[in-house]
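Hi,

Here is the structure you were waiting for.

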Amino acid sequence: MDFIKLRDIVKVYGSGESAFMALKGVNVDIEAGEFVALMGPSGSGKSTMANILGCLDVATSGKYYFNGVDVFSLSRNETALLRRHYIGFIFQGFNLLPRTTALENVELPLLYRGVPRKTRRAKSLEALDMVGLKGWADHTSAQLSGGQQQRVAIARAIASNPLFLLADEPTGNLDTKRSVEIMEILTALNRDMGITILMVTHEPDMAKYAGREIHFLDGNLAGAQ
Amino acid sequence: MILNAFMLAFRQIRRNLLRAVLTMLGIIIGVGSVIVMISLGNGTTQMVKDQISSLGSNIIMVLPSRSFDPGGGSRSRRFTQREADAIKDRVHSLKAVSPLSSKSVVAKFAQYNTQTQATGITSDYFIVGGWEMAQGREFTDSEYRAGSNVCIIGESVSKALFKGASPLGAKIKVADMICDSVGVLKSKGQGGMGNDQDDVILFPLKTFQRGISPTKSLNNINMIMVSVEDGADSKDAGSQITNILRDMRNIKSGDRDTFEIMDTKEIQETVSSTTRMLTVFLGCIAGVSLLVGGIGIMNIMLVSVTERTKEIGTRLAVGALEKEVLLQFLIESITISSLGGLIGIFLSFFISMGMAKLMSVPFVYDVSIAVIAFIFSAFIGVFFGYLPAKRASQLNPIDALRHE
């Protein structure tokens, strides 16, 4: 069985005259353990696709099966629980809480999971260690460089051992050197921990790290029309 | 989950200390100013009430009315001893009738002198005015009858002439008369009209009429103060007095009275309605500051909405439930608001106490106003802290994250 199965996904923004069709009936399958790069020019619908895959947004029509579960039939709370337990996020803009230490940011998903204080701390430090931020736990976002902030975000995403890691332009705000570091971390996570990763990017250099590339154009897979 | 929400809320407050303090400041100022203003208003009202009741309750003052001659001069017909006696004999609901005359004089002792009010009295004066002795004694009956050269002085006169030394037995020179001081009145402080009630020197009425303000006229009484029995109707007594005086003065029906009757109860009502207005006025001003404080709270909360919406987006993305986010924000708002309110109440307590002392009004702390002000600002704090959070937590996580 496919880990992720998308069928005829349509996403329409707005309504009536000004309605804009961002996704036009997309079909995608992703196997467990895959590292997929989602490529395409801006406006091609790849970010919309990623948000739907991450259960951060819902499609206008179509079906989304996550590990066999019909995602669109779930309630808001059930979707939140799905994110809480199975999905990790890395955003282009990092989205760390301001004035908050790296450790507390990483702890956040574990907190909502109700993980006890001690375990939470240990797991978070371990995750920070894994992304090479040992000794930076007590620094707030403002005291970290962009690359370090993104690594905190990765630590936050993996601290809860997700099945699926969704990275939306993770290197979009970073220089080449930092980007390569981030990509190496992602590759290692996929290889060593077996986490399924979907990465949105428009940089072919980054996409090379993935096992498979999916190209988007005008709201559908390139060549699907 | 509740415990978690508390922890998240306190973490957030600690991280955004400046915002929390500014919000609290709005509440502190709002709550504090309302409480201080109302306390001072109530204190002033209390003070005026006390002063009026120091006049004595249920007192009627009979005064000569000023009638204006066509020539333009003013003339007032004073009272005779016969009229005072008639009131005493014929109105049965009276406790005491105190005819009196007074005149501004200079009193001298040794090298000191002071301008004061000389008043000729009868023994009923002490009952009507509610005066008590601080030192010495009242006048004796024989002193009243004979018009002896004795006097009783008020606290202010005692201070001005004797500078702390005992005035008893001292010979004070008033006008051209020298009198023995036999007593000092217990201080009554400021009167209802802001006058110093202790700035007096008392003589037996006869002594006054002979030595201080000599006149050949029988109309030698300036004013008759009457004290009505407790429970008796002062209006009724007033109209009886009117009838007696009109009768004795042969005033035809339809002609105007040549005297005036003032009832302290009426004065009390007039003055307390004025001070009540003062309290309402102060309350309105304070209400404005409460409102301004509320707008301050609102602004801080709304300004931080963008940042907080992103925070909510992040929390939702990592799997927070809507109700978990809401609970956290609710606890945060309630904590900040109530802490601010409590600090405001605490500070206002001491500020109003200090200001009451400074303005020498009694300290009256109105708990119900404190509670109302507290609830109002806490409500604003909670409302504007919670409402944007509620709206944000209902967004799709991605929309909350993208909020600009």
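Where the two chains meet, 19 residues of chain A are in contact with 19 residues of chain B (contact: C-beta atoms, placed from the backbone, within 7 Å). On the chain A side, helix H2 (76-86) and helix H3 (102-113) are the elements that give two or more residues, and H2(A) gives the most, with 6. That side of chain A divides into 10 nonpolar, 4 polar and 5 charged residues (nonpolar: Ala, Val, Leu, Ile, Met, Phe, Trp, Tyr, Cys and Pro; charged: Asp, Glu, Lys and Arg; polar: the others, Gly among them). Helices here are DSSP runs of H or I, at least four residues, numbered from the N terminus.

Please keep in mind that this is a predicted model: local features need pLDDT of at least 70, side-chain atom pairs count only at pLDDT 80 or more, and totals for chains, interfaces and linings use all residues. Residues are numbered from 1 along each chain as its sequence is written, while chains are lettered from A and ligands numbered from 1 in the order in which they are written.

Now to helix H1 (residues 2-15) of chain B. Its buried residues are B:Leu8, B:Ala9 and B:Gln12 (buried: 20 or more other C-beta atoms within 10 Å of the residue's own; exposed: 12 or fewer; C-beta atoms are placed from the backbone). Seen down the axis of H1(B), they fall within an arc of 100°, so they line one face of the helix (the arc is that of the directions from the axis to the C-beta atoms). The face turned away from them carries the exposed B:Leu3 and B:Arg14. H11 of chain B is included in what covers the buried residues of H1(B).

Best wishes
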